[in-house]
Amino acid sequence: MRKGVILDSRRNGLMIDAGQIALVMSLLVAGYATVASLVGASLKVPQLTASGRFGLYTVPVLVSVSMIGVVYAFVTHEFSVRYVAENSSLSMPKVYTWVAIYAGNAGSMLYLAMVVSILSVLAVFHLRRRQPHAAAYAAGLMGLMLMFFLGVMVFLANPLERLPVIPADGQGINPLLVHFGMFIHPPLQMMGLVSVVIPFSIAMGALLAGRGGQDDWVDVARSWAMVSWLIMTVGLLLGAWWAYTILGWGGYWAWDPVENSALMPWLAMTAFVHSIMVQKRRGMFRMWNMVLIIVAVTLAQMGMFINRGGPVPSVHSFAQSTMGWLFLLFMAFTLLGSATAFVWRLDSLKSREKLDSLVSRESMFLLQNVLFLIVAFVTLWGTVFPIFSEAASDVTITVGRPFFDLVNGPILLALVFIMGVGPLLPWRRASVRTVVQALKYPASAAIVTGVVLVAAGLDKPPAIVAFATFALVITGIIHEWIRGTHSRHRRGDSYPVAFVRLISANRPRYGGYIVHLAIIMLAVGATASSFYSVQRDLVMRPGDSATLGDYSFKYLDVRSTSYRDREESVAEFEVHKGDSYLGIMRPFRAFYPDANIAGTRGAIRSTVIEDFYIVASEFDEDGRAVFRVLINPLVWWMWASGPLLILGVVVALIPQRQPAPATLRVPANVRTARA
Amino acid sequence: MLVLVAVLLALLPAIAIIYPFVRGLGHDELPEEEISSKVELGLRWDAALAGLKSAELDWSIGRLAEGDYRWLRQRYMTEASVVMKAMEIEEEQQRDLLASIERELEEARVRAPESEDAGPSTCPECSSAVQCPECGISLTAGETEDPDLPHGTSFE
């Protein structure tokens, strides 16, 4: 850090100090809320639980005061605050204040505390009337999570800590964060990881309240699990998009430890949101679902550990600290506590019913649980293997992409297959005739797809099998929609109205289908680009031309510009495809001397068929550089899947509004909890 | 000024924490436990209804063979009738509920079963009771049992 002049007085002290006080206060209140809720629930003292709940409601207000203090310090360039000095500078545009807040460890912790506190209040509010007993325990657990984040900040990583010597200017923001994607991806990713706490607390709260086997908490838990899953999914997708557009290596997923740390809880949560439907429908898989949500929260905490200076190197960790081991300890504590509660309440989790048949929707859910966990643990093993190799032999062996592709690839394809077949099977059991009836069109589409692709000259059998599987899934979904719409149309609705009513009458089911279609879009893009991408690395000088596939491109010139914080070189390429002129493409490379970081940004021409991608390495004085040129088929479909995915989850989450259903009226002489 | 801010920041949570004790709140915080068997019966009812609708939809779009559809429908209707009996629902209310179920199934149904005149069928579990082919309810009152419980167990 540059030494500077000690200012004669610290400006803006009130806001900073108020933020400090609020931070300490929030920790104390979170602690009280935790103890009061848990003790009140276990000793059945309702006023104590109410007091804990009310206290929890004030934590977001207190954390917000701290956040306002941090924001104010950034906006006013208050470099007496260490975090501001380390993550901003006088030249930083104010718009990047948002990114700077979570760019470092302490600020991201404050952001996480704010997210957890707000989500906790919403969840407790949602849960309290429906599941009053579970809500008290759930509130206590959420408070416990809050205490961890707040405690780390108060004692170890205070975002409002003052410096003894005030620098004249700050270090500036990490230049890799100066990209539109970084406004959304890191906060969404962090929000997704920490939001797993909510369904975990609801499930564990029900378990601690002795209601784990009652199944009436399932609806609320599933809603929150789907919200958490959606946030994680969008975060992952945005991260892949950011890697593709900004890191400049032409790819979007490298099985990097940070990427894996976000993927693992997503896998467990995906299994959970599906498996819990079986508990709702059949009163089965109660133990499975508890295990899945415990695994999800453990892996989410593992993810936070890896992101925060865990021992596994990553190309794009940006919140490095020495505090990773604290997260590991808290993860161990959470896992131990959850396992203890699970064993304690094991008897209450016995299934109400048994599996009627191996050929049933329930069996498919069981299989997907197993497969998702296998992928999660294979990914975990590959991610942490370097630690064990170093401990065993002083040699760090990293596990690269070929391992993950080889092991996880087929399992993920099997999961896609189950995603297609499972919804076609009925609950409880399916005869051979039903299976044939349900699968005849999807299976036919799969076979035809495979044959057509082979006839078209495609090689790589794994990719062909994958595309055939995707065709099976899509056909199953479309076939049901067509049949269902046609059936309704026969009753007098026009086709558009019939289609809308079909979806509206079965929102969880058809919202799920929309999500499945989005997953297929993602899978199509990932498969095509993984197997059929073509690439050339070329040394080119201005004036040189080259070709790749149907594309021809001429390196026209390079322009170098000096900015205050960087040296930027922009190459210009004239690009043709066949005889068509496509325009000028401009890949560029920037070097940030203060941060000693270089960043590249590829020039991408994207269509629904393929992406043409040029990325530059370091330029020589005469403009010579190594250019990586790629043709990536069908990548556009990956990014297009995002909005459809969001739509599907929203449709699935909209509460069903329908005429009064056939509800069971309890005889008057039976006392009830519900009003 | 900072002291004032600190006091305000402390007052907010303090008031919130003390408020339930002062106002005697919390009477609905931990309500008396609903009899757990009733809760479970309610959930089983909801699950049976959801299963019926799902089977109806699957069958109406041709995804479910006739035999499986009838088997599923019988299972779910038996479940519904068992739950109603266990909840000591009066006969008139039972009929209302069954009529309500049929209305909801009508929403999903778009064609009649291929064999309308199936005639009375026997309970898939105990084989001795005779069931109405339309709604599945036992035609022999008082003999419907929960297929998942040991013979003779009731939900009292």
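This is a predicted model: local features need pLDDT of at least 70, side-chain atom pairs count only at pLDDT 80 or more; totals for chains, interfaces and linings use all residues.
How does chain A look overall? Its C-alpha atoms fill a box of roughly 90 × 75 × 60 Å along the principal axes, and its secondary structure comes to 19 helices and ten strands. The radius of gyration of chain A is 27 Å, close to the 26 Å that the globule rule gives for 675 residues, so chain A is as compact as a globular protein of that length.

Now for some helix pairs, going along chain A. Helix H5 (residues 105-130) and helix H6 (residues 132-155) of chain A have axes that come within 9 Å and cross at roughly 170°. Angles over 145 degrees count as roughly antiparallel, and H5(A) and H6(A) therefore run roughly antiparallel to each other. On the H5(A) side, the residues in contact include A:Leu110, A:Ala113, A:Val116, A:Ser117 and A:Leu127. H6(A) answers with residues including A:Ala135, A:Ala138, A:Met142, A:Phe149 and A:Met153. Sort the contact by class and you get 21 nonpolar residues, two polar and one charged.

Further along comes another pair: helix H9 (residues 218-247) and helix H10 (residues 257-282) of chain A, whose axes come within 9 Å and cross at roughly 150°. H9(A) and H10(A) are therefore roughly antiparallel to each other as well. Their crossing is left-handed, and the contact between them has 15 nonpolar, six polar and four charged residues.

Then there's helix H16 (residues 461-489) of chain A, which packs against helix H17 (residues 495-505) of chain A at an angle of about 115°, with the axes 8 Å apart. Here the crossing is right-handed. Which residues meet? From H16(A) come A:Gly484, A:Thr485, A:Arg488 and A:His489, and from H17(A) come A:Tyr495, A:Ala498, A:Phe499, A:Arg501 and A:Leu502. By class, that contact holds four nonpolar, three polar and two charged residues.

Finally, let's step out to where chain A and chain B touch. Each chain puts in 58 residues: 58 from chain B and 58 from chain A. On the chain B side, the elements giving two or more residues are helix H1 (2-23), helix H2 (36-60), helix H3 (66-86) and helix H4 (91-108) of chain B. Which of these gives the largest share? That's H2(B), with 16 residues.

Note on methods:
Residues are numbered from 1 along each chain as its sequence is written. Chains are lettered from A and ligands numbered from 1 in the order in which they are written. Axes are lines fitted to C-alpha atoms, for helices over the stretch in contact, and angles run from 0 to 180 degrees between N-to-C directions. Helices (H or I, at least four residues) and strands (E, at least two) are DSSP runs, numbered from the N terminus. Angles under 35 degrees count as roughly parallel, over 145 as roughly antiparallel, 65 to 115 as roughly perpendicular and the rest as oblique. A crossing is left-handed if the near helix is turned anticlockwise from the far one by less than a right angle, and right-handed if clockwise. Ala, Val, Leu, Ile, Met, Phe, Trp, Tyr, Cys and Pro count as nonpolar, Asp, Glu, Lys and Arg as charged, and the others, Gly among them, as polar. Two residues are in contact if their C-beta atoms, placed from the backbone, lie within 7 Å. The radius of gyration is taken over C-alpha atoms; the globule rule is 2.2 Å times the number of residues to the power 0.38.
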